[in-house]
There are 2 protein chains.
Amino acid sequence: MELKERQLEIITAAGEILTEHGLAQLTTKRLASKMGFSESALYRHFSSKEEILVTMLRYLAADMDKRLRQAIQNAEDPVVQLKTVLSNQFSFFKRNPHFLIAIFSEGLMEDSKVVNESIIQIMDIKKSYLVKVVKKGQADGSFTPGVPAEELVHIIMGSFRLLLLQWWFASKSFDIKQKGEKLIHNLLTLIKLKK
Amino acid sequence: MELKERQLEIITAAGEILTEHGLAQLTTKRLASKMGFSESALYRHFSSKEEILVTMLRYLAADMDKRLRQAIQNAEDPVVQLKTVLSNQFSFFKRNPHFLIAIFSEGLMEDSKVVNESIIQIMDIKKSYLVKVVKKGQADGSFTPGVPAEELVHIIMGSFRLLLLQWWFASKSFDIKQKGEKLIHNLLTLIKLKK
DNA sequence: GGCACGTTTGTGAATATTCACTATCTTTAT
DNA sequence: ATAAAGATAGTGAATATTCACAAACGTGCC
């Protein structure tokens, strides 16, 4: 990630606008105003608004990938790994709520191909880590083999996303970490094998 | 639902635009063009674009409510009821893919309060039916009592929504009914009690 | 030290386009 | 004749982007 300082400031400001006002309000006017300079100055640092969005997404994707890798490295037990990965994700979104827009939109709102592809890529990264962990858990008898790993991950990710959506929609008024832990516990209750 | 014929035509056309081009492309210009008349003619039938959206959503909500009630009435066994309700939903969205926008957006894209509230209402209707069925299933020993009914429904709806999202995003290229049935089967595998 | 020269980062005005919406006229059906 | 349903031709506001230009700063040269 070869990001200049000013570029980082801009995508941070863009993130704050997303968090506070939503995607529709992320305009060049508003962004420039938040940065304290004119709209045209934006184009000294990015060639287009699309590039700003894509840069922001890629930056976050890189950060997320790093976090996921670490979360898996620090444990051996698949149950612990799964807990850590999911818990970690909730922390991430708690700190970067604007990123939720990316997760939810996923091709619905943005006409831009490049933006959409960046978003898909992020989802794929997440999925691949989860599948890896679940497969391992099925192999060592921690998780139920009754449902294929990909399908289990689908169920996990789906309920995960829905919780985040509800959180966003409730204006982030409840503690996402706490409800997240409860969801993780419930999911584990369903997929863990009793020994 | 006191809908005039022309109004129904308009919300149907709006639905087709949503399906084919997405929410951002649902403009008065495009809608009027699809209807074969001028933009201003729209305002003979609706007072605003917002009213068109809300009418469309309310129409959907009423239809969905009717379908869900019937689906539950025709069976006694909670397992069959759950299967029917979900299967029914997949059929519905297969026939009315534009309403997926409602399911996905949920307050993210629309600035309008009225629109958002209509969307929430739809989700609440769905949820209440599912909770009813799941609670019954837990009471008669069909489903696991290890996870509260509301939380089970959360997991069901979350994975359900994600599948629909993927279907939309894949340009409806795979058979949603088939994958839906598989998901239902997987979910039941997880929540059914062995007797 | 002073000076020409290029780069970076900004400004303010102007661009074309799109949007939802409206005032005013005309057609059409009953 | 009347009222509903349409067409024409506009409105103002918002959008992303581009333009010519300028202040500040560093760098090499005499």
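Predicted model: local features only at pLDDT ≥ 70, side-chain atom pairs only at ≥ 80, totals over all residues.
At least two residues each are supplied by α2 (28–35), α3 (39–42) and α4 (49–73) of chain A and by α3 (39–42) of chain B. Among the elements that contribute, α3(B) gives the most to the surface near DNA strand D, namely three residues.

Within chain B, the axes of helix α1 (residues 5–21) and helix α4 (residues 49–73) come within 10 Å and cross at roughly 90°, which makes α1(B) roughly perpendicular to α4(B). On the side of α1(B), the contact is made by B:Gln7, B:Ile10, B:Ile11, B:Ala14 and B:Gly15, while α4(B) brings B:Ile52, B:Thr55, B:Met56 and B:Tyr59 to it. The residues of this contact divide into six nonpolar and three polar, with no charged residue taking part.

In chain A, helix α5 (residues 78–95) has 18 residues and, at 1.5 Å a residue, should therefore span 26 Å, a value with which the distance of 26 Å between its end C-alpha atoms agrees. The buried residues of α5(A) are A:Pro78, A:Gln81, A:Leu82, A:Thr84, A:Val85, A:Leu86, A:Gln89, A:Phe90 and A:Phe93.

Definitions and conventions:
Residues numbered from 1 in each chain as written. Chains lettered and ligands numbered in written order. Helix = DSSP H or I, 4+ residues; strand = E, 2+ residues; numbered from the N terminus. Axes fitted to C-alpha atoms, helices over the stretch in contact; angles between N-to-C directions. Parallel < 35°, antiparallel > 145°, perpendicular 65-115°, else oblique. Contact = placed C-beta atoms within 7 Å. Nonpolar A, V, L, I, M, F, W, Y, C, P; charged D, E, K, R; others polar. Expected span 1.5 Å × (residues − 1). Buried ≥ 20, exposed ≤ 12 C-beta atoms within 10 Å, placed from the backbone.
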